[in-house]
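Please read it next to the coordinates.

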Amino acid sequence: MVKTNIGVLVNGYGVIGKRVADAVLRQPDMRLVGVADVVADWRVKLAAVRGFPVYASVPERAAEMAKRGLRVEGTLEELLRSGDVDVVVDCAPAGVGAKNRGLYERYGVKAVFQGGEKHEVAGVSFVAQRNYGEALGKQFVRVVSCNTTAICRVVGAIHEKIGVRRARVVIFRRAVDVWESSRTGIMNTVVPELRVPSHHGPDAQTVIKDLDIVTMAAKGSHNLYHLHMAMIETRSRVTLEDVVRVVEEEPRVIFVSGEDGIDGLNAIFELSRDLGRPRGDLYEVPVWRESISVSRDGGEVYLIWATPNESNVIPENVDAIRALTELEKEARASISKTDGYLGVVKSVY
Ligand SMILES: NC(=O)c1ccc[n+]([C@@H]2O[C@H](COP(=O)([O-])OP(=O)(O)OC[C@H]3O[C@@H](n4cnc5c(N)ncnc54)[C@H](O)[C@@H]3O)[C@@H](O)[C@H]2O)c1
């Protein structure tokens, strides 16, 4: 019998971890067992204030965390041994997940890894709309990065419904996350990634195996959201209406419009705060409606979208938990539950 009320532990309570914890709290078929980290800074202390049991991810850090005034319930390993955790969502920095994999194996606990890990950490890289079935019942899955998730949603939808012969995507990345902008970042410049293709294209192919895609990337000096510009050669001739319909029908993708004054990433961020989302998070990928264009011969499609890097992978993490534990066998059912509980919309107005 499929277990319900799945016990979830979030390991690494940073940008992604704290959002995953909040998203899990909103799912009636899941319960948050606690969060684990290696520090006791303001973020982790706020988790304790909210009543989340806090664990030390590595035993060596427990005493220091307690010394900093945090109530530490135990270590990650002790918790895994207790059998109370069905799924760990590992949101620790890139590379830590791969090191933790052995621990999860030892206790037979399922785990969702993040996009900073390599595909091989789980063998299944995941975007719910594209390959939910591949993760069904598995022990491990990797939710791909924010950039790859956005590409898989938008280009993936066009590939599925129309057919993509070749996709080329240019990515302007944010330099650094908001919370650590005081520590690192770049100013007044754009820094191109000199490796072509950038890793995002090959990463999208770990989800959509037959997608011909090349990506090029550069880092800007802003700290929120990436911007993607896509040029897509289609397998058959299309009209503007065909493309608009595909984007319109795709879950977790919305339209925004310059006509409404949405003229930059900053305006999308303000819009998402006005929507009243926790932390101003946008789970959807906003596509500029007027950027969608089709070449004169109908063989190429062009479009521009924003990638809300802190939040667009959050619904995917929730679906990944359902897929691993087989709470839902069908992508559509899980996506609709997740979107309903998180308040994901198809139109902002
Ligand atoms: N930040 C983004 O925009 C973004 C978007 C999509 C995916 N990701 C991916 O999500 C993962 C986490 O990134 P993030 O931005 O949330 O990082 P973060 O630095 O904001 O948070 C990481 C947290 O893990 C903790 N940590 C450090 N070492 C640890 C350990 N050994 N065990 C447990 N916890 C530890 C840190 O103290 C911190 O609280 C990465 O794989 C990243 O590539 C990040």
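Asp177 has a polar side-chain atom 2.7 Å from a nitrogen atom of the ligand; a polar contact here is a pair of N or O atoms within 3.5 Å. The model is predicted: local features need pLDDT of at least 70, side-chain atom pairs count only at pLDDT 80 or more, and totals for chains, interfaces and linings use all residues. Residues are numbered from 1 along each chain as its sequence is written, and side-chain values use heavy atoms, with hydrogens and water left out.

**Polar contacts and cover**
- Asn309 places a polar side-chain atom 2.9 Å from an oxygen atom of the ligand.
- For Arg174, the distance from a polar side-chain atom to a ligand oxygen atom is 3.3 Å.
- On its own the ligand has 830 Å² of accessible area (Shrake-Rupley method, 1.4 Å probe), and the protein covers 84% of that.

**Shell**

**Cavities**
- Two cavities of 30 Å³ or more are present; a cavity is a set of points on a 1 Å grid where a 1.4 Å probe fits but cannot get out.
- The largest cavity has a volume of about 50 Å³.
- Its lining residues (an atom within 4 Å of a point) include Arg19, Asp22, Arg279 and Tyr283.

Note on methods
Polar contact = N/O pair within 3.5 Å; in protein donor to acceptor, adjacent residues only side chain to side chain. 1 Å grid on protein atoms, 1.4 Å probe; cavity = no way out; pocket = protein on both sides within 12 Å on 5 of 7 lines; lining within 4 Å. Points joined across faces, edges and corners; volume = space filled by probe spheres on them.
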